[in-house]
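Please look at the structure shown here before reading on. The dialogue below is meant to be read beside it.

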Amino acid sequence: MRIKFRVLFLFCLIATLVNKTYSQQTQIQLQHPSDVIISKNIYGHFAEHLGHSIYGGFYVGDSSKIKNTNGVRNDIIDALRKLKIPNLRWPGGCFADTYHWKDGIGEKSKRPSIVNTNWGNVTEDNSFGTHDFLNMCKLLGCEPYISGNVGSGTVQELADWVQYANFENKSPMSELRKQNGQIEPWGVKFWGIGNEAWGCGGNMTPEYYANKFREYTTFMNSTNKTKLFKVASGASDDDYHWTETLMKNIPLYMLDGIAIHHYSVINWNHKSSATNFTEQQYFATMKEAWKMEEMVTKHSAVLDKYDPQKKVALVVDEWGGWYDVEDGTNPGFLYQQNTMRDAMIAGITLNVFNNHSERVRMANLAQCINVLQSVILTDKEKMILTPTYHVMEMYNVHQDAKLLPLSISKSNYILNKDTLQAVSASASVDEKGKIHISLVNIDPIKDQSISINLNSEMYKSVTGKILTSATLQDHNSFDDTNKIKPVSFAKASLKGNILTVPLPPISVVLLELQ
Ligand code: AHR
């Protein structure tokens, strides 16, 4: 009897300890729907002339054996349509401020070549140009977002590009477009005025760039059908002075969006391998990813000071993880694998954007294919979808849905003496009245037990999907393309207005309530 009692006591003790060590309680409180719509453009992508993003990634040319439509790979078109890609930024990045668009129009064999000085000094033959890009966007069903050349271009050159793309009536540029086979204007709405003007885009001061922005945009004309949305080249990371100077010096009526760029990089001189990293390096990457919350909050506060009506959008037009390139690849091509670590970056970053969608109305993951935190990797005719692709696909239910603001209790992911918030969440309600909640647990060891107060008892059923894997380093490869993919998740349970969700370590869960 005594032995039995001791065994029972020991069992209870171990169970309590295990629970303490491996499971945490997190409370989430949903609030009433706001009037804020989560712009689908938060789920945007980026395609620079860099490595195998365009050539071999999107574009193989129409004589390729790989199945294509006007040179664009059919497998890529299918995958990105399924993702519901809302917009695509092009041609850079740093490349944009070296790009002269007239080199990329007309008969391909007659187009001049240039050197891609930012990315490996490779020859750019300009075989993928304005028509190729804008027609590709039509195939993908997304809006083009063009970055204009301010660094080495001219006001006239950018004004001409706008006219070439958008002008309906007779003009020198619309006639040239027609000669090149495109009768109807494309109607390009989103225009970036240079890129990283503080760095590769010209090493300008914010005061000087603010004047450049005013000058360039003065000559970029909207048409009856297409009202331009002009985005100023914004700050690097936490450079709030840059944002403040632009807001002070550019009249609100001239400005639609102001950009920021932030990469989750541990240390620019000592990055980590994309697949072979320690928990310490993972923790440091997550710390950088979480900084997006602080940066978006503080840049938004600067915007609020000058634009309380929230006319100007915060456009995070480059974000993602940045690691060492894969062994044996060109260092200038920024080709990296994509693991569960990247899924965690994507999950928490997209939740940050959703929760700040009153101000963040556009964002672009860097980059779409074969560069940095890609959603797709290609190897000749083969293609794989990365964990980041799957997160973006799971989250696409939030596109253009109404934000459900939420509050979340503290949850600790502790390593050594440092602590990060372990759980991230966002929620929305779509036009059919379905609620979607996206949850992330970045802790690689501890489960989280989530209790969500829905604020309403009207929901009768809950379904879900989960993306998770045994280790942080797990990834899809050309030999094992489906190692990581979302599977159905039936562990969430609903009782009245309380939803209980056991969230495993390193997981992204998407729940639907109706
Ligand atoms: O995305 C790669 C590069 O990172 C872009 O060209 C540049 O804008 C940024 O520094």
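This is a predicted model: local features need pLDDT of at least 70, side-chain atom pairs count only at pLDDT 80 or more; totals for chains, interfaces and linings use all residues.

Q: At what angle do helices α8 and α9 pack?
A: Helices (H or I, at least four residues) and strands (E, at least two) are DSSP runs, numbered from the N terminus. Axes are lines fitted to C-alpha atoms, for helices over the stretch in contact, and angles run from 0 to 180 degrees between N-to-C directions. Here α8 (residues 279-306) and α9 (residues 340-355) pack at about 15°, with their axes 9 Å apart. The two helices are therefore roughly parallel, given that angles under 35 degrees count as roughly parallel, over 145 as roughly antiparallel, 65 to 115 as roughly perpendicular and the rest as oblique.

Q: Is the crossing of α8 and α9 left-handed or right-handed?
A: A crossing is left-handed if the near helix is turned anticlockwise from the far one by less than a right angle, and right-handed if clockwise. The crossing of α8 and α9 is right-handed.

Q: Which residues of α8 and α9 meet?
A: Contact means heavy atoms within 4.5 Å. Among the residues of α8 that meet α9 are Y282, M286 and W290, and the α9 side includes M344, I348 and F353. By class, the contact of α8 with α9 has 11 nonpolar, 3 polar and 2 charged residues. Ala, Val, Leu, Ile, Met, Phe, Trp, Tyr, Cys and Pro count as nonpolar, Asp, Glu, Lys and Arg as charged, and the others, Gly among them, as polar.

Q: How do α7 and α8 cross?
A: The axes of α7 (residues 240-249) and α8 come within 9 Å and cross at roughly 20°. That makes α7 roughly parallel to α8, and the crossing is right-handed. Residues of α7 including Y240 and M247 meet residues of α8 including M295 and L303. This contact divides into 6 nonpolar, 2 polar and 5 charged residues.

Q: What is the arrangement of α2 and α3?
A: The axes of α2 (residues 74-83) and α3 (residues 130-140) cross at roughly 55° and come within 9 Å. These helices are therefore oblique to each other. I76, I77, L80 and R81 of α2 make the contact with K138, L139 and L140 of α3. The contact has 5 nonpolar, no polar and 2 charged residues.

Q: Which residues are around the ligand?
A: A residue is near a molecule or strand if one of its heavy atoms lies within 4 Å of it. The residues around the ligand include E48, C94, W119, Y263, W322 and Q367.

Q: Which side-chain atom of Q367 lies 3.0 Å from an oxygen atom of the ligand?
A: A polar contact is a pair of N or O atoms within 3.5 Å; within protein, one must be able to donate a hydrogen and the other to accept it, and residues adjacent in sequence count only if both atoms are side-chain atoms. For Q367, a polar side-chain atom lies at that distance of 3.0 Å. An N or O atom in the side chain of E48 is 2.7 Å from a ligand oxygen atom, and a polar backbone atom of C94 is 2.9 Å from a ligand oxygen atom.

Notes:
Residues are numbered from 1 along each chain as its sequence is written. Side-chain values use heavy atoms; hydrogens and water are left out.
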